Amino acid sequence: MSAAKKMPGKPATEMFDDIPVLQRKWRAALRPGDRLPRYEDVMLGSLGRLADHIALLKGDGTLELSRSGRYVQKWLGEERWDIPLAELAPDCATALSEVAASALKNGRPHQASAHCVRDGMVRTYDLLALPTASRWGATLVGAYVNERGAQYNLLDAIFSATDDAVVSLATLRDANGQPFDFQVVHHNKSAELLLEVASGGLLWRQIGQGTSLLAAAEIMEFLLKAVSGGRGEQLEIESDGRYLRMSATAFADVISLTISDVTAMKRRDASFRLLFDNNPMPMWVFDAETKQFLSVNDAAVQHYGYSRAAFLRMKLHEIWPEDEWESHAEALERVGETYHSPRNWRHLRADGSEIEVLTFGRRVPFNDRDGYLVAVADITERRKAEARIAYMAHHDGLTDLPNREYFQERLKQALDQAAGKRVGVLYIDLDLFKNINDSFGHPSGDRVLKQVAERLATAVRGVNLAARLGGDEFAVILAADVSPNEASACATLLIDMLKAPYDIDGQEMVIGASIGIALSPGDGTTSEELMRNADMALYRAKSDGGGVHHFFEREMDLQAQKRRDMEVDLRRAFANGEFELHYQPLVSIASDRISGFESLLRWRHPDKGMISPAEFIPVAEDIGLITQLGEWVLREACHEAVKWPSDVKVAVNLSPAQFRSRNLVQVVISALAQSGLSPKRLELEITESIFLAETDANLAILHQLRELGVGISMDDFGTGYSSLSYLRSFPFDKIKIDRSFVKDLAQRPDCVAIVRAISGLGRSLNITTTAEGVETEDQLDWLRAEGCNEVQGFLFSAARPAAEIAKLLAEFGQRASRAA
Ligand SMILES: Nc1nc2c(ncn2[C@@H]2O[C@@H]3COP(=O)(O)O[C@H]4[C@@H](O)[C@H](n5cnc6c(=O)[nH]c(N)nc65)O[C@@H]4COP(=O)(O)O[C@H]3[C@H]2O)c(=O)[nH]1
């Protein structure tokens, strides 16, 4: 059957001629000044055969069919007049009202075309609407309707356009009325192509006797089933790598068989299954309506621990933890064609454990159901790692205590929530911890720190927090509106707790702790202020000898300010050359002659006058200026001493900080070389503090210095903890008995005993002993009696400027002369 078949009617050219005729007629009837021509002038008389094709429509809003010619009546399938257009067949009513409306709107004839389906045939009509005015003022539209030549059979068009094969089969029955075969009574072009049959090789054939695919037993069986009552049966067969899906509908003995090539779909399906089944990500399809699992892949079975059968009996909510049911369900409501979870979800596994997941989904048809294909990314491990990283960013790696950043954060929070209540900050510094590091090594030091942290963590609980700020510095937040008494009690407890011995690999170690306390709001309202002030209070606790706690006082702030001023001042002073050296004689008891001078640094401040070295040397050490300052002292002292008699030595104090600079030996060599002073005439005074840290390195430097021929004196002997043990570590040339022992010689027998012991020690070790701070003859007598070799003190002279040395020497009957 052809796709288009002409129906009897006028030839197309003739039909087209009518329209210009009517249009000319309308124009001719239009009188000057009128908007529309009169109805009678256009529509009455001389219309002849055209009258059959005219429908007269009237009305302004809702149009009504007032008259219709015979042709129009057939087209409308309606012979009645004076009925609303709405009562006509919808396709005709729409076409008429649209063309009439356009004509009325523009006040001119309007042409249009319309398609109507009649008996399965698609017909095209030309329409022309001619607006006219009736004698009594109403508007009438004359609508001309005529069919255009082209028509086609819709069913045929659909049949031939489809790629599916459509075959109509008549059932053949035997003498008993049983169906045994089928005869092809009609088919479309695609049927021959799909069944791979030559043109004309199918029509009127009995399929059971043919060689086409339709002769296959399973198809025959399928058709027999269809004809004996099965409606809408489906069959899928595979033939030469192609997949064909057949559906059959029987109308009495006639069967309509549709065959579709579903190979591509099958392949898509197969690749989907491959992707689904073998995907390492857990995947499933769930029913969009019931939320039942429709299919799960192996990864899902493995990952969730439910058997496949159990999975397929479950609904989605069964893998949601109960507290997330609502949010899961809400999210599901909002899901469209595709989705990926806007947040992490928790899912339950068969063993009850929870995993954190991200889900990605897409709507898919699945076995005739509307479903969602979901892929699951388990991010539990990633989340754990993230949590670990976040934890590490907030905690100290060695002790596991919160670190400085976290401490600050928590302190800020505590202050924000304090609402006027007090928050306490305790800064803790371990006393003598350096000794442990130096004596037992860093691993032991680390173990002590860990135990300190454990003790703090057990003592500081609840809203309070203990943290390690770095090194041997710890801190505590007391967040629960703490009173000064409570803060003090807490500090005492912590100090007692921390000074209890530590057992490190069977070795008992003892340290102490000093604590500085600042309380909000009095000592500050911001975390920075409180931390700074607690630190200042700690500094005071340390200066008080450690092992105690101290509250912050405003005075400390002033002192800190003063110290900051001094730091700036010191740097400026060095650049401005405000320092000078004074010299204090050292007198030999045996000869009653000056055996040497100790150089003592003086700062002549332009506004404040002379500033004591006891005040500025510790600051110079802290800010690192001591290295340059010490170097200057050495050079200056050597430069001066070279002018003195050859048997007069010069003593120079060295700071531990100069040992750290590592070029001390070079500086000494250079000072001697530049001045020309004999090394024998230079004595370097050190205190035992250089043995407290980096002992081995410092001892090595001392040995190098001694090899130069320079003398090494131990200053302030007897004030430290283990002066005696240092004597064993290094062969000192001189020990200087601290003036605290000299001061009370006359009054305290213990001081006599100490001086006697040191002098005796010096004699037996062949070390010169010098007593410092000798102010009275009485003291001198005691010292002489105890066998001390040398004395120094105000009794003889205070430190004097270089210019007065000659005078001093002269007083002792010694002449200053230049001799290296
Ligand atoms: N009460 C009393 N005091 C006496 C007597 N005789 C001397 N003195 C003081 O005792 C200190 C002796 O110096 P030191 O123990 O080395 O103690 C020194 C030394 O440790 C340090 N120092 C001074 N100059 C330098 C230097 O150039 N470099 C370094 N690193 N430190 C220095 O400053 C400390 C203090 O120095 P000064 O204030 O000059 O104080 C000096 C001196 O003036 C006395 O009979 N009675």
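Reply: Strand β18 and strand β23 (residues 512-519) pair in the antiparallel sense over eight bridges. Two strands pair if DSSP finds at least two bridges between them. Helices (H or I, at least four residues) and strands (E, at least two) are DSSP runs, numbered from the N terminus. The model is predicted: local features need pLDDT of at least 70, side-chain atom pairs count only at pLDDT 80 or more, and totals for chains, interfaces and linings use all residues. Residue numbers start from 1 along each chain as its sequence is written.

Me: Which residues of β23 stand opposite Tyr427 and pair with Ile428?

Reply: Tyr427 stands opposite Gly516, and the bridge partner of Ile428 is Ile515. β18 also pairs with strand β20 (residues 473-478), in the antiparallel sense over six bridges. There, Val425 has Ile477 as its bridge partner.

Me: What is the order of the strands in the open sheet?

Reply: The order is β19-β20-β18-β23-β24, five strands with mixed pairing. β19 (465-470) and β24 (549-551) are the edge strands, each pairing on one side only. From one strand to the next the twist averages 20°; angles run from 0 to 180 degrees between N-to-C directions, and axes are lines fitted to C-alpha atoms, for helices over the stretch in contact. Helix α16 (residues 484-499) packs on the sheet and touches β18, β20, β23 and β24. The direction of α16 makes about 165° with that of β23. Two residues are in contact if their C-beta atoms, placed from the backbone, lie within 7 Å.

Me: How should I read the two faces of a strand, and which residues of β18 point each way?

Reply: In a regular strand the side chains alternate between the two faces of the sheet. In β18 (residues 424-431), Gly424, Leu426, Ile428 and Leu430 point one way, while Val425, Tyr427, Asp429 and Asp431 point the other way. Eight of the eight residues of β18 are buried. A residue is buried if 20 or more other C-beta atoms lie within 10 Å of its own, exposed if 12 or fewer, and partly exposed in between, with C-beta atoms placed from the backbone.

Me: Is Ala785 buried, partly exposed or exposed, and why?

Reply: Ala785 is partly exposed because 13 other C-beta atoms lie within 10 Å. Ala785 belongs to helix α27 (residues 777-785). Ala785 and Arg756 are 29 residues apart in sequence, and their C-alpha atoms are 8.9 Å apart in space.

Me: How is the packing of two helices described, and what is the angle between α14 and α15?

Reply: Two packed helices are described by the angle between their axes and the distance between the axes. Helix α14 (residues 433-440) and helix α15 (residues 442-459) pack at about 145°, with axes 6 Å apart. Phe433, Ile436, Asn437 and Phe440 of α14 make the contact with His442, Ser444, Gly445 and Val448 of α15. By class, this contact has four nonpolar, four polar and no charged residues. Here Ala, Val, Leu, Ile, Met, Phe, Trp, Tyr, Cys and Pro count as nonpolar, Asp, Glu, Lys and Arg as charged, and the others, Gly among them, as polar.

Me: What should I look for in a nonpolar core, and which residues of the largest one touch the most other members?

Reply: In soluble globular proteins, nonpolar side chains tend to be buried together. A nonpolar core is a set of buried Ala, Val, Leu, Ile, Met, Phe, Trp, Tyr and Cys residues joined through C-beta atoms within 7 Å. The largest has 65 residues, of which Ala637, Cys638, Val652, Leu682, Ile737, Val755 and Leu783 touch the most other members. Helix α20 gives the most to this core, with seven residues. Another core, of 53 residues, lies apart from it and includes Val425, Leu469, Ala475 and Met531.

Me: How many residues of β29 are buried, and which residue of β29 pairs with Val652?

Reply: Four of the five residues of β29 (residues 682-686) are buried, so this strand is largely enclosed by the rest of the structure. Val652 has Leu684 as its bridge partner. Strand β28 (residues 649-653) runs parallel to β29, joined by four bridges. Four bridges also join β29 to β30, again in parallel, and Glu685 is partnered there by Ser713.
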